[in-house]
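Trainee: Could we go through this structure together? I want to know what stands behind each term.

Mentor: Good plan. Here it is.

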Amino acid sequence: MGQPAILVNLNRCTGCWTCSTACKVAYQLGEDKWWHYVRTIGSGAGVDEPAGEWPNLRMSWMPVYTTGCILCAKRTKEGLEPHCTYNCPAKAMTYGDLSDPDSPVSVRMKQLRERGYKIFQLPAWERTRPEVYYAEK
Ligand code: SF4
Ligand code: SF4
């Protein structure tokens with residue numbers, strides 16, 4: 001594949017951890033090992049800890065791809081989606097070839113841009129997979 005990429009629509013993410021769990025199960029990672037995790041954007045106090053004061057609480061989530069992630073190389077070579085994107089129940093993730101304008105990820109990115117979403121990546125100091133893009137509105 002020319003330029004493999006994963007696009008995560010943060011507005012659709014419900015913080016369910018199915019993506020992270022699918023990865024963990026597929027690669028039989030040990031109890032404390034995660035190649036992928038879901039960050040809570042909130043108070044900063046921990047997983048699913050909201051910001052604000054009751055009843056005005058707010059919280060959102062960001063799936064994070066660590067450098068341990070192998071982008072499901074064997075699976076994608078066979079033309080399949082990565083386990084994480086395939087299993088997302090909210091259809092928040094799209095995988096494809098960013099160098100092909102007709103691939104699912106290119107089409108989705110274009111659609112979201114046209115709908116006013118901001119597309120961004122995590123900064124290099126986060127040391128995450130550079131193939132991952134986020135969309136948020
Ligand atoms: S990206 Fe999908 S599977 Fe992962 S936490 Fe968000 S909604 Fe759940
Ligand atoms: S792309 Fe594959 S290896 Fe990477 S986080 Fe998703 S399931 Fe795990």
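**Terms and values**

Mentor: Start with ligand 2: 13 residues surround it, and the closest are Cys23, Cys69, Cys72, Pro82 and Cys84. The model is predicted, so local features need pLDDT of at least 70 and side-chain atom pairs 80 or more, while totals for chains, interfaces and linings use all residues. Residues are numbered from 1 along each chain as its sequence is written, and chains are lettered from A and ligands numbered from 1 in the order in which they are written.

Trainee: What makes a residue near a molecule?

Mentor: Its C-beta atom, placed from the backbone, must lie within 6 Å of the molecule. For ligand 1, 15 residues surround it. The closest are Cys13, Cys16, Thr18, Cys19 and Cys88.

Trainee: Which helices each supply at least two residues of the shell around ligand 2?

Mentor: Helix 1 (18–26) and helix 3 (83–87) do. Helix 1 gives the most, with 3 residues. A helix here is a DSSP run of H or I, at least four residues; a strand is a run of E, at least two; both are numbered from the N terminus. Around ligand 1, helix 1 and strand 5 (60–65) each supply at least two residues.

Trainee: How many residues of each class are in the two shells?

Mentor: Ligand 2 has 11 nonpolar, 2 polar and no charged residues around it. Ligand 1 has 12 nonpolar, 3 polar and no charged ones. Nonpolar means Ala, Val, Leu, Ile, Met, Phe, Trp, Tyr, Cys and Pro; charged means Asp, Glu, Lys and Arg; the others, Gly among them, are polar.

Trainee: Why is strand 6 called mostly covered?

Mentor: Strand 6 (residues 93–97) has 4 of its 5 residues buried. Buried means 20 or more other C-beta atoms within 10 Å of the residue's own, with C-beta atoms placed from the backbone; exposed means 12 or fewer, and partly exposed is in between. In the chain, buried residues make up 26% of the 137 residues.

Trainee: What makes strand 1 and strand 6 a pair?

Mentor: DSSP must find at least two bridges between two strands. Strand 1 (residues 4–9) and strand 6 have 5, in the antiparallel sense. So they pair. Leu7 stands opposite Thr94 in strand 6.
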